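Visitor: Could you walk me through this one? I'm new to it and would like to start with the overall picture.

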Amino acid sequence: MHKLVIVDDEHFVRKGMLALIDWKAVDYRVVGEADNGEDALSLILKEEPDVVFTDIRMPVFDGIELIKQVKQQAKHLPKFVLISG
């Protein structure tokens, strides 16, 4: 089963993604959520997900900066899907 992290500063967007998609049916397990780039970076480094869904515009640092930081610091590089409201 693949691991997934969802990152968005809007609570209802994160919960909507969890509710609208049957992650188990597509062989994914959501291993965490974050509401800003800094918390997301820590989560990604800890959980080593296969895929990260991230908002582009967030507090602390945005989705683009998150990707840069993960590329610099992570041993395992996940695939990123950028989302924006």
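Guide: A term to begin with: the radius of gyration is taken here over C-alpha atoms, and the globule rule is 2.2 Å times the number of residues to the power 0.38. Please keep in mind that this is a predicted model.

Visitor: OK, so what radius of gyration does the chain have, and what would a compact globule have?
Guide: With 85 residues, a compact globule would have a radius of gyration near 12 Å, and the chain has 12 Å, which agrees. Along the principal axes, the C-alpha atoms fill a box of roughly 30 × 25 × 15 Å.

Visitor: And how many helices and strands are there?
Guide: The chain has 3 helices and 4 strands, and when it is read along the sequence they follow the pattern β-α-β-α-β-α-β.

Visitor: What share of the residues count as buried?
Guide: Of the 85 residues, 38% count as buried, while the accessible surface of the chain comes to about 5,200 Å², with 51% of that belonging to carbon and sulfur atoms.

Visitor: Switching topic, where does Lys79 lie?
Guide: Lys79 lies in strand E4, which covers residues 79-83.

Visitor: Is Lys79 buried or exposed?
Guide: Lys79 is exposed, because its relative accessible area is 63% and the cut-off for exposed is over 50%.

Visitor: Which residues is Lys79 in contact with?
Guide: Leaving aside neighbours within four places in sequence, Lys79 is in contact with Asp50, Val51 and Val52. Lys79 and Asp50 are 29 residues apart in sequence, yet their C-alpha atoms are 6.2 Å apart in space.

Methods. Residues are numbered from 1 along each chain as its sequence is written. This is a predicted model: local features need pLDDT of at least 70, side-chain atom pairs count only at pLDDT 80 or more; totals for chains, interfaces and linings use all residues. Side-chain values use heavy atoms; hydrogens and water are left out. Helices (H or I, at least four residues) and strands (E, at least two) are DSSP runs, numbered from the N terminus. Buried means under 20% relative accessible area, exposed over 50%, partly exposed in between (1.4 Å probe, protein chains only). Accessible areas come from the Shrake-Rupley method with a 1.4 Å probe; for residues, only the protein chains shown count as cover. Contact means heavy atoms within 4.5 Å.
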